[in-house]
Amino acid sequence: MPVLLQTALLLMLSNVFMTFAWYAHLKNLGGKAWWIAALASWGIALFEYLLQVPANRIGHSELSLGQLKILQEVITLTVFVPFVLLYMREPLKLDYLWAGLCILGAVYFIFRSNA
């Protein structure tokens, strides 16, 4: 399997855990003390790191650090938007499109050949 694909798949899975760790407590633990939400988030984040660290190590064998970061941001937005719509049940905003277009520009600049 190509390095870019391995990296992207691991980062995608990592981001699912990251998104739940960062935001799901707002829906599920809103009435609990903040430290309970923090402990639950840390538990979820462990799985994020178990995927993210290997993803970055694999990816860095062929990608620059800047490319890894922009790839991460693209994947974050790709995971975040469905999370907001389907899990948090918040409305779709046109701003997501504009943010996506800005990130698409970042992808172009970071992955273009060094001319």
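The model is predicted, so local features need pLDDT of at least 70 and side-chain atom pairs count only at pLDDT 80 or more, whereas totals for chains, interfaces and linings use all residues. Residues are numbered from 1 along each chain as its sequence is written, and side-chain values use heavy atoms, with hydrogens and water left out.

**Asn-15**
- Asn-15 is found in helix α1, residues 3-28, where helices are DSSP runs (H or I) of at least four residues, numbered from the N terminus.
- With a relative accessibility of 0%, Asn-15 counts as buried, a term meaning under 20% relative accessible area, as against exposed at over 50% and partly exposed in between (1.4 Å probe, protein chains only).
- Beyond its neighbours within four places in sequence, Asn-15 is in contact with Gln-72, Ile-75, Thr-76 and Val-79, contact being heavy atoms within 4.5 Å.

**Salt bridge**
- The count comes to one salt bridge, defined as a side-chain nitrogen of Lys or Arg within 4 Å of a carboxyl oxygen of Asp or Glu.
- This bridge joins the side chains of Lys-69 and Glu-73 at 2.7 Å, N to O, and both residues lie in helix α3, four residues apart, about one turn of the helix.
- Lys-69 is partly exposed, its relative accessible area being 48%, and Glu-73 is also partly exposed, at 30%.

**Ile-36**
- Ile-36 belongs to helix α2, residues 34-59, and is partly exposed with a relative accessible area of 31%.

Methods. Helices (H or I, at least four residues) and strands (E, at least two) are DSSP runs, numbered from the N terminus.
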